[in-house]
Amino acid sequence: MELDLTREGLVELLGREDFSPVYALADQVRRENVGDTVHIRALLEISNHCRRMCTYCGLRAPRLDLPRYRMDPEEVVAAACEAAKVGYRTIVLQSGEDPWFNVRTLGRIVSAIKAKTGMAVTLGCGEVPPEDYAFLKLAGADRYLIKHETADPQLYRRLHPDSTLDKRVGCLRTLKKLGFETGSGFMVGLPGQTLETLADDLLLLASVPCDMAGIGPFLPHPDTPLRDGTAGDAELTRRCVALARLLLPTANLPATTALTVRGDNGQVFSGGANVVMRKITPNCYKRLYEIYPANLPDTDIPAQRQQLEEQIKSLGRVPL
């Protein structure tokens, strides 16, 4: 089955009434290139401080009512060690853009986690100068995730009044050049977004090219300027994941937490996804890291890892 993966072709595919043949092809491409394994990543949210003004995000700097926290570096390393004991092979350290976690501090954390656990370390801590990314690579960081969120420059500026799309894409290209496994991604259903925008998002992922891509639905947060927006469509999000698999056959594509919140019960795994992240953030911090509203259970690292493995097996896939 040959598909047109140009901008015009992607727009046509996204709008198709019957997408089932595309899902089937994406699942075949996934199986041939990355197999039946579903990689389980531990996600640790180390700080909800953020200097950014992003209009969709519950962590945005103007939110004065949000209690802020920072995990101590020792807490971060201890949580990573606990995750490693129950089988996690990768930890994702995510935060708002918090200057307190400068590259020296992050570098020490990464080096300690590598020394104590041997885990792969992914960072998602925002935009820093190229020399800082280089320092983190030398400290042992394996992957870096920095979503572009939208490939429309005007929409990007409305969402991020203190940044530009060119700067964000420049970070992605720097990370790729430095040898990081480089991750980006975008939201589906943003106010003002079109199918053409989504096609551009997918082609941007392919142009880097990204080694991983997180694609999830927009979820409006009540304490942001986009509070009255409509949540992104789960089906259209799954279509974007499937097309990302066709454009990036060997990439790691997660079933995002936001998609689970919108009611996905594993369908995304039959259309190209091969990664899932599980939050291991301690309970005292977990509900304060609210980019979008979510009903989160208490953290129980061993039990939730086992539950997730059983769910993956029930889908006929192999947890790792």
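A disulfide is defined here as a pair of cysteine sulfur atoms within 2.5 Å. The structure is a predicted model, in which local features need pLDDT of at least 70 and side-chain atom pairs count only at pLDDT 80 or more, while totals for chains, interfaces and linings use all residues. Residues are numbered from 1 along each chain as its sequence is written, and side-chain values use heavy atoms, with hydrogens and water left out.

A search of the whole structure found 0 disulfides. The sulfur of C57 lies 6.2 Å from the closest cysteine sulfur, that of C54, which is too far for a bond. C171 is likewise in no disulfide, the nearest cysteine sulfur, in C210, being 13 Å away. C171 is buried, with a relative accessible area of 7%, where buried means under 20% relative accessible area, exposed over 50%, and partly exposed in between (1.4 Å probe, protein chains only).

C171 belongs to the buried residues of helix α7, together with L165, R168, V169, L172 and L175. Helices (H or I, at least four residues) and strands (E, at least two) are DSSP runs, numbered from the N terminus. Seen down the axis of α7, the buried residues fall within an arc of 150° and so line one face of the helix; the arc is that of the directions from the helix axis to the C-beta atoms. The face turned away from this buried side carries the exposed residues D166 and K177. The buried residues of α7 pack against α5, β4, α6, β5 and α8, with contact meaning heavy atoms within 4.5 Å. Just after α7, G179 takes a positive phi of about 95°.
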